[in-house]
Amino acid sequence: MEIGLADTIKALRGELSTAMADGEGQPVRLRVQSVKLDVQVAVTASAEAGGGVKFWVLTADGKATEATSTTHTVSLELTAETADGGPVLTDSARGARLED
């Protein structure tokens, strides 16, 4: 199964959004300043028209099988913020919410 790097980041954003909702009204909150994401990716080049280069996140048992694939570790340092640029706050168990 091929999982795109963009899909991985989209899923992470969804998890943080869920965490924001789960933290609503919690008495203890932690500020998320950054999120570090280390992933193994296979970089593939496609000979198809408009194919270009793609980054596929490897699963735990994933292997790059294409002859034109190269595997790399990518580290991303992401800053978590709300749509209006505000901080993301988490509660002590799990979850995050907007700062009041």
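Figure 1. Thr-82 is buried, its relative accessible area being 9%; buried denotes under 20% relative accessible area, exposed over 50%, and partly exposed the range in between (1.4 Å probe, protein chains only). The model is predicted: local features require pLDDT of at least 70, side-chain atom pairs count only at pLDDT 80 or more, and totals for chains, interfaces and linings use all residues. Residues are numbered from 1 along each chain as its sequence is written, and side-chain values use heavy atoms, with hydrogens and water left out. Thr-82 is placed in the loop between strand E5 (69–78) and E6. Helices (H or I, at least four residues) and strands (E, at least two) are DSSP runs, numbered from the N terminus. The side chains of Thr-82 and Asp-84 are joined by a polar contact of 2.4 Å. A polar contact is a pair of N or O atoms within 3.5 Å; within protein, one must be able to donate a hydrogen and the other to accept it, and residues adjacent in sequence count only if both atoms are side-chain atoms.

**Figure 2. Helix H1 and its buried face.** The 18 residues of H1 should span 26 Å at 1.5 Å a residue, and the end C-alpha atoms are 26 Å apart, in agreement; the expected span is 1.5 Å times one less than the number of residues. Leu-5, Thr-8 and Ala-19 are the buried residues of H1. Viewed down the axis of H1, these buried residues fall within an arc of 60°, so they line one face of the helix; the arc is that of the directions from the helix axis to the C-beta atoms. Ala-6, Lys-10 and Ala-21 are exposed on the other side of H1.

**Figure 3. Surroundings of Thr-8.** Thr-8 belongs to helix H1 (residues 5–22) and counts as buried at 17% relative accessibility. Leaving aside residues up to four places away in sequence, Thr-8 touches Ile-3, Leu-37 and Val-57, where contact means heavy atoms within 4.5 Å.

**Figure 4. The largest nonpolar core.** This core has 7 residues, namely Leu-5, Leu-37, Val-39, Val-41, Val-43, Val-57 and Val-74. Strand E3 (residues 35–46) gives the most to the core, with 4 residues. A nonpolar core is a set of buried Ala, Val, Leu, Ile, Met, Phe, Trp, Tyr and Cys residues joined through side-chain atoms within 4.5 Å.

**Figure 5. Ala-42 in strand E3.** Strand E3 also holds Ala-42, which counts as buried at 5% relative accessibility. The C-alpha atoms of Ala-42 and Gly-4 are separated by 9.7 Å, although these residues are 38 residues apart along the chain.

Figure 6. Val-32 lies in strand E2 (residues 29–32) and is buried, with a relative accessible area of 17%. Val-32 and Pro-87 are 55 residues apart along the chain, with their C-alpha atoms separated by 7.1 Å. Val-88 is found in strand E6 (residues 88–91) and is buried, with a relative accessible area of 3%. Between Val-88 and Leu-16, 72 residues apart in sequence, the C-alpha to C-alpha distance is 8.6 Å.
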